[in-house]
Amino acid sequence: MTQTLGCNHAVGKSIQVTAGDSELFTYVYRPTDPQLESPRPYLHPIRTLGGDLVSVFRPHDHVWHKGMTWSLPHFGHENFWGGPTFSVEHGYQQLDNNGSMDHDRVEALDVSEDLVRFSHHLSWHTQAGEHVVDELRTLEVRLADDGWVLVYETGMTNVSDATIQIGSPTTAGRPNAGYGGLFWRGPRSFTGGTVLAPQGLGGDELRGQRAAWMGFSGKHDSTDRASTLIIVDAGENPNHPPEWFVRSEDFAAVCPAPFFSEELPFEPGSTLTFRYATLVADEASDNDRAAHLAAQATKSLTAG
């Protein structure tokens, strides 16, 4: 039986996207997180078509990690990632600089059997209350030949009167720690799993390398199943192809990091746009399947 997409809207809080009777993900667009965790919208839980969970929420080692989120740890002097901020002088230090990405209004919610599209407007505020960014964010969900795919787009406009340098812990002086951007954190059982890349299967040694896409395959507790997640960076994104922040040894993480090793100036009144396609599939992947899934995800970036 062919599956069809659906959506449940908890008005003012979240949307849940479904395929048949199964949840694919919940997108919480008005979170209730503490200020220290930089409140911002997130996707969790995220599941395969077969129902396996491929995200984690608020892990004890980094409570500001929330499934999949758009998160920027070095936004000028502000932190829209959560937790402490890195500097060469002090290492990681908790500061009063944890900003928030605040939902303003829903712009669109369109649902059909083969497409769910959600768009909303956000205002970014520093912890001190300064309004620095207006954002229009859009999520589009489609079923793929193998799994399902999310196209995630953000358009950020600098509404402050200053040029903001967007960077990472690496641009602040910590080697090979260039995280920031669209960040996915996998479940505990994925620790020690396989990083997928055009360069071939690997692990933490792929961190910092450039590629049009990367992903992850991991195993689930309590079953003998595995799952795969692929993220594709759109060709028109700034600094494409990006350096990638990927982890496997300590925990599973994939992040196309456009500000990994070089700051990007964000001038007043200018708009930065980023688009990504994330494909979620049941079962583990070898090099050939990973490339095939990446091709499917890439195709979705140009779907009408």
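Student: How many disulfides does a search of the whole structure find?
Tutor: The search finds 0 disulfides. The label needs a pair of cysteine sulfur atoms within 2.5 Å. In general, a disulfide is a covalent bond between the sulfur atoms of two cysteines. Before we go on, note that this is a predicted model, where local features need pLDDT of at least 70, side-chain atom pairs count only at pLDDT 80 or more, and totals for chains, interfaces and linings use all residues. Residues are numbered from 1 along each chain as its sequence is written, and side-chain values use heavy atoms, with hydrogens and water left out.

Student: Why is C7 called partly exposed, and what is C255 called?
Tutor: Buried means under 20% relative accessible area, exposed means over 50%, and partly exposed is in between (1.4 Å probe, protein chains only). C7 has 22%, so C7 counts as partly exposed. C255 has 0%, so C255 is buried.

Student: What makes Y27 and F118 an edge-to-face pair?
Tutor: The search of the whole structure finds 20 aromatic pairs. Rings of Phe, Tyr and Trp (its six-membered ring) pair if their centres lie within 6.5 Å; planes under 30 degrees apart count as stacked, over 60 as edge-to-face and the rest as tilted. The centres of Y27 and F118 are 5.9 Å apart and their planes stand at 65°, so the pair is edge-to-face. Y27 lies in strand β3 and F118 in strand β10, so the pair ties together parts that are 91 residues apart in sequence. Both residues, Y27 and F118, are buried.

Student: Why is the pair of W81 and Y179 called tilted instead?
Tutor: Their ring centres are 4.6 Å apart and their planes are at 35°, so this pair is tilted. W81 sits in the loop between β6 and β7, and Y179 in the loop between β13 and β14, so parts 98 residues apart in sequence are tied together. W81 is buried at 5% relative accessible area, and Y179 counts as buried at 10%. Ring pairs also link W70, F259, F274 and Y276 into a cluster.

Student: How do you know that T69 makes a polar contact with S71?
Tutor: A polar contact is a pair of N or O atoms within 3.5 Å; within protein, one must be able to donate a hydrogen and the other to accept it, and residues adjacent in sequence count only if both atoms are side-chain atoms. The side chains of T69 and S71 make theirs at 2.6 Å. T69 belongs to strand β5 and, at 2% relative accessibility, counts as buried.

Student: What makes β16 and β17 a pair of strands?
Tutor: Strands (E, at least two residues) are DSSP runs, numbered from the N terminus, as are helices (H or I, at least four). Two strands pair if DSSP finds at least two bridges between them. β16 and β17 have 7 bridges, in the antiparallel sense. One example is F216, whose bridge partner in β17 is L229.

Student: Which strands stand at the edges of the open sheet?
Tutor: The sheet has 8 strands in the order β9-β10-β11-β12-β21-β17-β16-β15, with antiparallel pairing. β9 and β15 stand at the edges with a single partner strand each, so one side of each is left without a neighbour in the sheet.
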